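Colleague: I would like to go through the labels on this model and the cut-offs behind them. Please set each value against its definition.

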Amino acid sequence: MRRSVQRLLLGLAAVVLLAAVCFCAWGWYQDSQPPVLECVTDAEVECGETLTVYSLVRSVTGNGAVTLTLSGGEAAEDGKSTVFTAADTYTVTVTATDEDGHQTECQVSVLARDTIAPVLKATAFSVCLGEDIDYLSTVTAVDAVEGDLLSQVQVNASQVDTENTGTYLVQYSVSDSAGNTAQTTAYLTILAPSASAVTLSETEYTLPGNGSVQLTVTVEPENWQGTVTWSSSDETIAIVYGGLVSWVGEGEAVITAAAGDVTAQCAIRCTEVAATSVALNYHKAILAANTSVTLTAQTLPSNYSGGVVWRSSDETVATVKNGVLTWVGEGTCTVTATAGDAVDSCAVTCQAVPVVVQPEETEKTPSLVDTIKEAIQSLFGGT
């Protein structure tokens with residue numbers, strides 16, 4: 001009985017020992033096996049975009065945690081991703097590494113395609129008339145694959161008139177090596193240059209009454225295209241329009257020409273109105289002894305406010321005061337009326353004695369009898 005028990009115990013011990021040996025052998029076998037890795041056969045990615053290792057693996061098993069890495073293209077430092085900078089077909093190797101360092105690799109064919117156009121941007125810009133135009137001053141052109149393409153940007157400025165101010169449309173385009181093209185537009189504004197100096201043809205001027213003078217203005221630079229603004233410091237003295245200064249009243253005023261922030265001035269002195277003509281109501285006069293006659297002088301222009309100077313060439317014949325001509329003695333003389341530079345005269349004859357006007361005989365009205373007599377005489381020719 002004891003021997004049977006001993007044999008049973010020995011058998012159980014042998015079984016346990018065999019199981020332990022098998023378990024250890026199986027564990028050793030498992031630890032010596034590399035990870036099982038299954039990847040996609042092929043893949044596609046856009047040039048410049050990131051391709052991760054996880055997008056290429058279908059499944060992976062192994063002893064403990066398995067680390068996945070790839071190689072090919074411009075792989076990241078950690079080996080988890082890569083980027084392709086040119087359109088082509090590449091072979092990417094995926095590696096699975098378990099905790100014991102056992103590795104499994106598989107290869108994937110990756111097609112890198114370039115179908116995205118460059119990013120082309122342009123913003124509105126402006127220059128002054130006559131300045132050089134840098135059409136690329138506000139332009140950026142970046143391609144995901146080829147990088148900066150600014151030097152390859154094509155400019156269409158056919159609508160731009162460089163001789164005149166205004167706002168014009170400029171067209172831009174750029175293509176990468178794969179033929180992807182981007183286009184955009186921007187507005188160019190050509191501005192009139194700022195005035196740097198203003199000069200008037202006169203800096204001082206004396207303007208006679210009712211007169212006018214045309215002032216001319218010179219603005220620098222020559223291609224300045226703005227509008228000159230004219231003004232008078234006192235419009236009761238002088239007014240100005242387009243550089244033409246006109247007399248309004250006596251006094252002094254300053255005429256200013258402004259081109260932007262730059263100005264020039266002319267001091268205007270307006271003098272009194274001068275007479276342009278004087279006209280007497282009589283140019284011949286005969287005075288009887290001890291008589292007088294009044295002469296009137298009409299002056300032009302109508303707003304002439306100066307006086308008229310009267311003068312007799314011989315005051316022993318006739319005198320004149322304020323236009324009243326008075327007999328003094330027998331003879332002839334000339335009376336003049338002067339208003340500034342305008343002169344008119346009257347020839348005067350003074351008689352020795354008063355002129356007596358004899359009354360004319362009044363014509364008699366014929367009677368009825370006289371009328372009958374005249375009729376008979378005309379018929380019969382008798383008395």
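Modeller: Start with burial: buried means under 20% relative accessible area, exposed means over 50%, and partly exposed lies in between, with a 1.4 Å probe and protein chains only. At 4% relative accessibility, E46 therefore counts as buried. Note that this is a predicted model: local features need pLDDT of at least 70, side-chain atom pairs count only at pLDDT 80 or more, and totals for chains, interfaces and linings use all residues. Residues are numbered from 1 along each chain as its sequence is written, and side-chain values use heavy atoms, without hydrogens and water.

Colleague: How do you know that E46 forms a salt bridge with R113?

Modeller: The term needs a side-chain nitrogen of Lys or Arg within 4 Å of a carboxyl oxygen of Asp or Glu. For E46 and R113 the closest N and O atoms are 3.7 Å apart. The pair therefore meets the definition. E46 is in strand β2 and R113 in strand β9, 67 residues apart, so distant parts of the chain are linked. Strands here are DSSP runs of E, at least two residues, and helices are runs of H or I, at least four, numbered from the N terminus.

Colleague: How many salt bridges does the structure hold?

Modeller: Three. One of them joins the side chains of E38 and R58, at 3.8 Å from N to O. E38 lies in strand β1 (residues 36-39) and R58 in strand β4 (residues 57-61), so the pair ties together parts 20 residues apart in sequence. E38 is partly exposed at 42%, and R58 is exposed at 55%.

Colleague: Why is the F84 and Y90 pair called stacked?

Modeller: Rings of Phe, Tyr and Trp (its six-membered ring) pair if their centres lie within 6.5 Å; planes under 30 degrees apart count as stacked, over 60 as edge-to-face, and the rest as tilted. F84 and Y90 are 4.5 Å centre to centre, with 25 degrees between the planes. Hence the label stacked. F84 is buried at 2%, while Y90 is partly exposed at 23%.

Colleague: Why is the F125 and Y135 pair edge-to-face?

Modeller: Their ring centres are 6.5 Å apart and their planes are at 85 degrees, so the pair is edge-to-face. Both F125 and Y135 are buried.

Colleague: What makes the β3-β7-β6 sheet antiparallel?

Modeller: Strands pair if DSSP finds at least two bridges between them. β3 and strand β7 (residues 81-83) pair in the antiparallel sense over three bridges. T52 stands opposite S81 in β7. The sheet of three strands is open, with antiparallel pairing.

Colleague: Which residues touch the most other members of the largest nonpolar core?

Modeller: W230, V245, I268, L325 and V348, out of 46 residues. Such a core is a set of buried Ala, Val, Leu, Ile, Met, Phe, Trp, Tyr and Cys residues joined through side-chain atoms within 4.5 Å.

Colleague: What is the mean pLDDT of the chain?

Modeller: The mean is 87, and 84% of residues reach 70 or more. pLDDT is the predictor's confidence in each residue, from 0 to 100. Over residues 356-363 it is below 50. Where pLDDT is low, the predicted coordinates should not be read in detail.

Methods. Contact means heavy atoms within 4.5 Å.
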